[in-house]
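Thanks for coming. I have one structure to go through today, so let me put it on the screen.

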Amino acid sequence: MNRHVPATSGLESRATNVPESIIRKLANAAMHRPELISLWFGESNLETPDFIKDAAIKAIQAGESFYSEGLGRPFLREAIAKYTTDLYGVDIPSDRVAVTVSGLNALNLAFQCVLEEGDLVVTPTPTWPNILSVPALQGARVETQSLSFGSTGWGIDLEQFLETTAGAKCVLINSPANPTGWMMNSAEQRYLLETMRERGTWLIADEVYARLCFSDRAAPSFLEVAEPEDRLIVINSFSKSWAMTGWRLGWLTLPSSLTPVLEKIIEFSVSCAPPFTQRAGVAALEHGEQFVQQQVYDLKRSLNLTEALLTQSDRIEFHKPAATFYAYFRVDGVVDGIAFAKKLIDKVDVGIAPGVAFERNAEDWFRLCFAKSDTQLTEALSRILLLIT
Ligand SMILES: Cc1ncc(COP(=O)(O)O)c(C=O)c1O
């Protein structure tokens, strides 16, 4: 081959064809700006609490740096099973739990467990782009159905969704949802699950925002309405609830008959989660309840502040989310969302995510993460308002 021709010339693969992350591209181009206030990523400004850090440090010092069990250290699987059982009042044994290297890794593994080339996956939008790209990278066909938006906020037309999902191998529900904060209620979950059960369809439930819920201790979970051997895989993560985004630790709850299949493929991807981060996970679950509750309390305040500032502009349409730490709002008159997001960076040094990252044609929608200090939020939103009013 000609050595001046790039190695990738003519390369066709799932990886070359998958769209790149719009948020990551915008952020990479702006991260060097010293005055930038960044609200585009889904993470809190809080550091991981010390008692969680200390557990990992102790484990490293005690020499816990070797490969560990593929499905996770037994004590962490037990702790997750107990946490889930206590939270939802349903018995979840530890053989239904597997530790993963992040929620995103859990999502990859869940799809790998159930998908074959060409299978149909259906999910509501707007949604976190990874939810579409992960199954696409595994050779699935991905179809979407838009949530509705009205005076009561975001909702799903379940009958229409059930029509769209006819013939699907797998349905993915992210509730509470990124970016809208939409939350599926228990009755809807029960109805959807019953229909999936009749059809033999797999349901992957991404519940990583379950604890960032403003009305209850946790958002409704499919685990509360499911039977142990339902075709249900629930994704969870330590990232959001315990301010552990950089730790890359998550878990899956699955039917125990699927656990050996999962164990096989964990071996071929990451082999195991780091043992010292798993100690941190146990500390979070066993001693982190107060931290989670304080975080939700603070988020409610930040949401009120965000609402008060956003609604100062007549051009902004916004409905408070039921959960998560995202404000997803519409700016009347914007026709090119990426250009507007770039203008916000260039003119006022604020980074937010354009709606087109989450749904095709959502040119006038934007997402910001409000898990920030009052000072940061007030400054960022005042700057945004300068460009909008
Ligand atoms: C809906 C959703 N699921 C899963 C994740 C994955 O989180 P992590 O990989 O940090 O555990 C995210 C992160 O933003 C998310 O928004």
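Predicted model: local features only at pLDDT ≥ 70, side-chain atom pairs only at ≥ 80, totals over all residues.

Let me start with the ligand. How many residues surround the ligand? There are 13, and the closest are Gly-103, Asp-206, Tyr-209, Ser-237 and Ser-239. By residue class, that shell holds four nonpolar, six polar and three charged residues.

At Gly-103 the backbone takes part: one of its polar backbone atoms is 2.6 Å from an oxygen atom of the ligand. With Asn-178 it is the side chain, where a polar atom sits 2.8 Å from a ligand oxygen. Lys-240 also uses its side chain, with an N or O atom 2.8 Å from an oxygen atom of the ligand. As for burial, the ligand taken alone exposes 400 Å², and the protein buries 94% of that.

Next, the helix pair. Two packed helices are described by the angle between their axes and the distance between the axes. The two here are α3, residues 50-61, and α10, residues 275-287. Their axes are 8 Å apart and the packing angle is about 145°. The crossing of α3 past α10 is right-handed.

Which residues of the two helices meet? On the α3 side they are Phe-51, Ile-52, Ala-55, Ala-56, Ala-59 and Ile-60. On the α10 side they are Phe-276, Arg-279, Ala-280, Ala-283, Ala-284 and His-287. Sorted by class, the residues of this contact come to ten nonpolar, one polar and one charged.

Last, the backbone. Where are the cis peptide bonds I want to point out? One runs from Thr-125 to Pro-126, with omega near 5°. Pro-126 belongs to the loop between β3 (120-125) and α6 (130-137). Another joins Ser-175 and Pro-176, and there omega is about -5°. Pro-176 lies in the loop that runs between β7 (170-174) and α8 (186-199).

One more residue for the list is Ala-243. Its phi is near 50°, a positive value in a residue other than glycine. Ala-243 is in a loop too, between β9 (232-237) and β10 (250-253).

That is what I had; we can go back to any of these views.

Methods: Residues numbered from 1 in each chain as written. Heavy atoms only, no water. Near = heavy atom within 4 Å. Polar contact = N/O pair within 3.5 Å; in protein donor to acceptor, adjacent residues only side chain to side chain. Areas by Shrake-Rupley, 256 points an atom, 1.4 Å probe, with all protein chains shown as cover. Nonpolar A, V, L, I, M, F, W, Y, C, P; charged D, E, K, R; others polar. Axes fitted to C-alpha atoms, helices over the stretch in contact; angles between N-to-C directions. Helix = DSSP H or I, 4+ residues; strand = E, 2+ residues; numbered from the N terminus. Left-handed = near helix turned anticlockwise from the far one by under 90°. Contact = heavy atoms within 4.5 Å.
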